[in-house]
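My notes follow in the order in which I checked them.

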Amino acid sequence: MTEATAEAAAPPPTASTTPGLLRTARRVPFTLGVVALMLVLGVVTGALWSPFEDHPWFDVVAFGAPAFADGRWWTPVTGSLFALEPWEYVAVAGVFLLLVGWTELHLGTRRAVVTAVTCQLVGVVGTAGSLALLARTGWDWAERLAQVLDVGFSAGVVGAVTVTALSLAPPWRFRLSALVAIYVLVALVAWGGIADVEHVVGWVAGLVVARPVLGPRLGARTRAGRVQRDRATAAGYFAISALLVVLTSFAAGSAAGPLGATTGDDWPTGIIAVTVDLVLAVGLLRGRRAWWRVALVLTVLGVVSEALLVVAAAAFERGELPLYVLMLLLDVGALALLVVRRTSFRARRKARPSEATHLDQDGARATLRRLGAGQRLAWMTTWDGSHRWVPDDQDGYVAYQAHAGVAVVLTDPVGDGPEGRAELVDAFVGAASAAGAGSCFFSASEEVAAIARARGWTLVPVAQEAVIDLPGLEFRGKKWQDVRTALNQAAKQGVGHRLVRLAEEPPEVLAQVQAISESWLGDSDLPEMAFTLGGVREALDPEVRVGLAVDDDGRVHGVTSWLPVHAPGGEVVGWTLDVMRRAPDSFRYTMELLIASALTEFRDEGALEASLSGSPLAHGDEPSPGGVDAVLDRLAARLEPLYGFESLHRFKMKFQPRNVPLYLVVTEPATLPLVGLALVRCYLPDVRARELVAAARSSRR
């Protein structure tokens with residue numbers, strides 16, 4: 001190949017790559033400057049190719065308790081720019097570039113500098129001071145580390161990552177924060193080197209500076225949020241206690257860490273301790289009052305026994321005294337949290353928001369007519385199967401079902417305007433949390449989604465509601481060709497449309513509607529779905545309008561039902577589609593006829609809009625997302641052959657609606673694993689395991 005040919009064959013450079021890298025580089029001047037300075041100093045001192053501990057400068061620039069004792073106050077700055085070994089430069093510079101660079105991109109240069117530098121200085125100085133004090137107690141581990149000099153910027157990196165993780169929206173805030181906490185605590189117990197101590201101090205510094213650095217990014221301090229933090233903190237104490245037991249067993253015979261050498265022989269007792277700690281952690285995370293009492297008793301016993309051990313060790317001058325003191329302080333802190341925050345642990349088994357404030361169906365309908373529907377799906381909140389919770393001092397209600405420890409709210413609260421509904425959202429989340437339940441809102445509108453964004457809750461689009469504006473609606477133009485064809489064919493074949501109250505129809509019509517429904521259900525291995533999907537029982541409601549496709553012989557080809565949408569004061573201003581069913585050998589265009597004819601009648605009556613509802617678990621043309629919504633996608637894929645959510649969504653697009661997103665809002669990341677199970681129970685409350693297995697098998701055929 002000639003040179004000219006090679007040049008011609010080479011792919012042209014991507015125009016956006018270089019400018020993109022330059023733009024990114026300009027956004028991280030602090031990160032790049034520190035890394036460049038590290039490399040330059042590594043070349044000047046030779047630390048890039050030989051151990052820095054052997055260099056004459058090491059004692060001058062390294063930090064630690066000996067450096068401060070000798071008056072080398074500058075070492076927290078100078079020591080931060082080196083690594084002990086040449087190979088460590090790859091890790092030190094690489095990790096700094098990646099993690100502090102992420103902080104600088106996410107928070108901005110000023111916040112990144114303040115966070116990283118503050119946590120580094122606190123980590124270095126705090127570690128040296130703490131070890132110097134602990135060494136005076138005779139603790140062998142502390143005495144050994146108090147003589148060590150160290151270099152590196154790792155405490156600042158840990159602090160920066162801690163603050164940046166707290167700035168993220170749930171669930172990543174919880175996931176990354178937990179990951180950082182686990183890393184620094186496990187490393188301290190398992191290895192217990194001076195760098196591990198610096199990481200813990202830097203992590204604590206990051207937690208402290210997060211509020212002033214991030215401000216509003218941390219979210220509003222609500223009572224529900226405080227309750228969840230109290231529970232998570234208490235649960236985390238016992239979970240870490242279990243982890244320490246496991247680590248000390250694996251580290252048996254090693255005296256490197258702060259716990260010293262352990263035999264690891266008492267494994268039956270260790271298994272019991274781990275089991276008890278984990279059970280307590282789960283119970284406290286759920287806010288269970290009974291487990292709070294157990295935890296309180298065990299913690300009190302721990303404080304008493306450790307106080308006796310401290311007294312005995314001090315009297316006989318035993319070397320375990322510092323360890324006993326540390327254990328005593330930890331248990332005293334846990335006891336203080338359990339006592340001071342005892343109101344956060346009031347949940348009882350199978351608790352749910354106060355039963356004394358629930359509306360019956362008639363009361364819910366009266367409230368809905370009076371306040372109006374903030375959401376087009378609001379009539380579903382009056383159906384049987386849901387509880388309707390009302391706070392004592394607010395007007396309106398929240399409809400929900402409780403499954404798997406999660407209170408699943410059906411669509412938006414019914415309240416007095418946007419402000420009233422927002423107050424109901426916060427009140428219900430707080431009540432559910434106080435009762436030991438998680439909470440989520442399913443098929444929520446953009447109004448609730450905006451509240452969720454402001455609170456930092458997890459937000460997942462789960463459906464596109466098809467909404468049609470009725471004033472001026474005409475089936476004209478190419479895009480309405482399928483609908484016009486359906487109406488023309490229906491007229492030729494003598495199939496007409498009647499909009500009725502189903503309960504007022506003669507018995508023969510009711511029998512046909514019931515037969516159509518049973519035939520439709522008979523094609524599925526699963527029972528009829530509920531929650532946001534009504535059936536014949538809901539269609540018999542006198543407030544509901546039912547469309548019937550009937551031929552000249554009186555045969556019913558298909559049925560639809562329409563739920564009322566109320567304005568404040570009770571006026572019906574719109575209708576929402578619920579039931580859509582057709583006979584197996586019905587007229588081909590039955591559903592098009594039913595919907596188009598109903599839309600025309602609603603328009604002529606003066607209604608403002610009609611909703612074809614949102615297809616459950618169907619995203620339409622939205623790209624497939626990740627996380628919890630990916631789980632919902634897989635569930636929808638399994639149920640698609642049985643219920644046809646996606647094909648239903650495509651059918652609705654024939655009527656040229658505007659798509660309005662509906663959301664799943666999850667208030668606490670810790671409940672995410674349970675939300676999918678709770679939703680399955682909402683839609684299939686009576687399903688049995690063998691029915692799920694049969695459905696899964698049939699969906700593969």
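In which helix does Ile272 lie? I found Ile272 in helix α14, where helices are DSSP runs of H or I with at least four residues, numbered from the N terminus. Ile272 is exposed, with a relative accessible area of 56%; exposed means over 50%, buried under 20%, and partly exposed in between, with a 1.4 Å probe and protein chains only.

I noted that this is a predicted model, in which local features need pLDDT of at least 70, side-chain atom pairs count only at pLDDT 80 or more, and totals for chains, interfaces and linings use all residues. Residues are numbered from 1 along each chain as its sequence is written, and side-chain values use heavy atoms, with hydrogens and water left out.

I then checked pLDDT, the predictor's confidence in each residue from 0 to 100: the chain averages 82, and 81% of the residues score at least 70. Over residues 1-16 the pLDDT is below 50, and this stretch has 1 contact in the model beyond near neighbours in sequence, a contact being heavy atoms within 4.5 Å.

Next I looked up Thr162, which is found in helix α10, residues 154-167. Thr162 is buried, since its relative accessible area is 4%. Leaving aside neighbours within four places in sequence, I listed Val180, Trp203, Gly206 and Leu207 as the residues in contact with Thr162.

Definitions and conventions
Helix = DSSP H or I, 4+ residues; strand = E, 2+ residues; numbered from the N terminus.
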